[in-house]
Amino acid sequence: MLKRKVNLVVLSDIHLGTFGCRADELLIYLNSIQPKKIILNGDIIDIWQFKKNCFPKTHLEIIKTLIEFSMTGTEITYITGNHDEMLRKLSTLEIGNIKLVDKLTLTLNGKKAWFFHGDVFDIFIQNAKWVAKLGSWGYDLLILGNRFLNFWLLKFGKEKYSLSKKIKNSVKKAVKCIDDFEKTATDLAIEKGYHYVICGHIHQPQISRKVNKKGTCLYLNSGDWVENLTALEFHNNRWKLFRYSDLGKKEIKTSDENCTSASIVINDKEA
């Protein structure tokens, strides 16, 4: 299979070692690209919920594929998140083309980009970690229940349904938390003079232009590989929000920065 060349790929919230991880689909995606750089933006291995009986061959294949990428010249930066926070004890570790950090800054086409997972802005993570861990276990159970529901929906010719998305979109407090997260991240990025701020953590894939009294920046979130199955790609000075459902499509739609359709492509000149 001919692989797509990509300058930079950003993945986050894969949650290897949990029932919710969609490793099969991620493996197909990774085998379809030839990236120069990969940024793993937190919650790659879920140490919080790690289960020995939930680390099948495909989960190991993800790790193997990433190592093979590094051995053939791809630069891989692993940014720690809250579910893999134990790795923060090893921050600044470098092994070949793989390095471990807590945050990262890059210059892309002459513009400053700031990468971090985003849990630092989560009040539950910072002040009541046990609540966050409890919620994480509940989320995993919800994903399992959702798979069972979708199995029967498809069997009866119905469309798949996402319980967690429905809950997030219908609960005002959850929507406000997402909005607050995006505003906090972008306000701080603008204050520090960054053109791009790239996060994960909230499982909400997004590319949107943010503006305040002090300036503007492009907010990007790579989403997750539990529900949304998304990644960020930067190639030929353009950002794209890639969705697994787009894999194999010959044409990728373009849109403005505020669009939330299946594919979003942003020219760097516009950003």
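Is Gly-215 buried or exposed, or does it lie in between? I looked this up and found Gly-215 partly exposed, with a relative accessible area of 24%. The terms I apply are buried for under 20% relative accessible area, exposed for over 50%, and partly exposed in between, with a 1.4 Å probe and protein chains only.

**Entry 1. Basis of the notes**

I note that this is a predicted model, in which local features need pLDDT of at least 70, side-chain atom pairs count only at pLDDT 80 or more, and totals for chains, interfaces and linings use all residues. Residues are numbered from 1 along each chain as its sequence is written, and side-chain values use heavy atoms, with hydrogens and water left out.

**Entry 2. Surroundings of Gly-215**

I located Gly-215 in strand E10, residues 215-221. Helices (H or I, at least four residues) and strands (E, at least two) are DSSP runs, numbered from the N terminus. Leaving aside neighbours within four places in sequence, I found Gly-215 in contact with Ile-190 and Lys-210; contact means heavy atoms within 4.5 Å. The C-alpha atoms of Gly-215 and Asp-187 are separated by 8.8 Å, and these residues are 28 apart along the chain.

**Entry 3. Lys-210 and its partner**

I next followed Lys-210, which forms a salt bridge with Glu-182, the closest N and O atoms being 3.1 Å apart. A salt bridge is a side-chain nitrogen of Lys or Arg within 4 Å of a carboxyl oxygen of Asp or Glu. Lys-210 lies in strand E9 (residues 206-212) and Glu-182 in helix H6 (residues 172-192), so the pair ties together parts that are 28 residues apart in sequence. I recorded Lys-210 as partly exposed at 22% and Glu-182 as buried at 7% relative accessibility.

**Entry 4. Other salt bridges**

I noted 7 salt bridges in the structure. In one of them, Arg-4 pairs with Glu-233, the closest N and O atoms being 2.8 Å apart. Since Arg-4 lies in strand E1 and Glu-233 in strand E11 (residues 230-235), this pair ties together parts that are 229 residues apart in sequence. Arg-4 is partly exposed, with a relative accessible area of 31%, whereas Glu-233 is buried, at 4%. Asp-119 forms a salt bridge with Arg-88, with 3.0 Å between the closest N and O atoms.

**Entry 5. Nonpolar cores**

Which residues touch the most other members of the largest nonpolar core? Of its 26 residues, I listed Leu-11, Ile-14, Leu-26, Tyr-29, Leu-30, Leu-40 and Ile-62. A nonpolar core is a set of buried Ala, Val, Leu, Ile, Met, Phe, Trp, Tyr and Cys residues joined through side-chain atoms within 4.5 Å. The elements that give two or more residues to this core include strand E1 (4-11), helix H1 (23-30) and helix H2 (57-71). H1 gives the most, with 5 residues. I also checked Tyr-29: among the residues that Tyr-29 touches beyond four places in sequence are Arg-4, Leu-11, Trp-225 and Glu-233.

**Entry 6. A hairpin**

I examined strands E6 (residues 104-108) and E7 (residues 111-115), which pair in the antiparallel sense over 5 bridges. Two strands pair if DSSP finds at least two bridges between them. Leu-104 has Phe-115 in E7 as its bridge partner. E6 and E7 form a hairpin with 2 residues between them, and Asn-109 in the turn has a positive phi of about 55 degrees.
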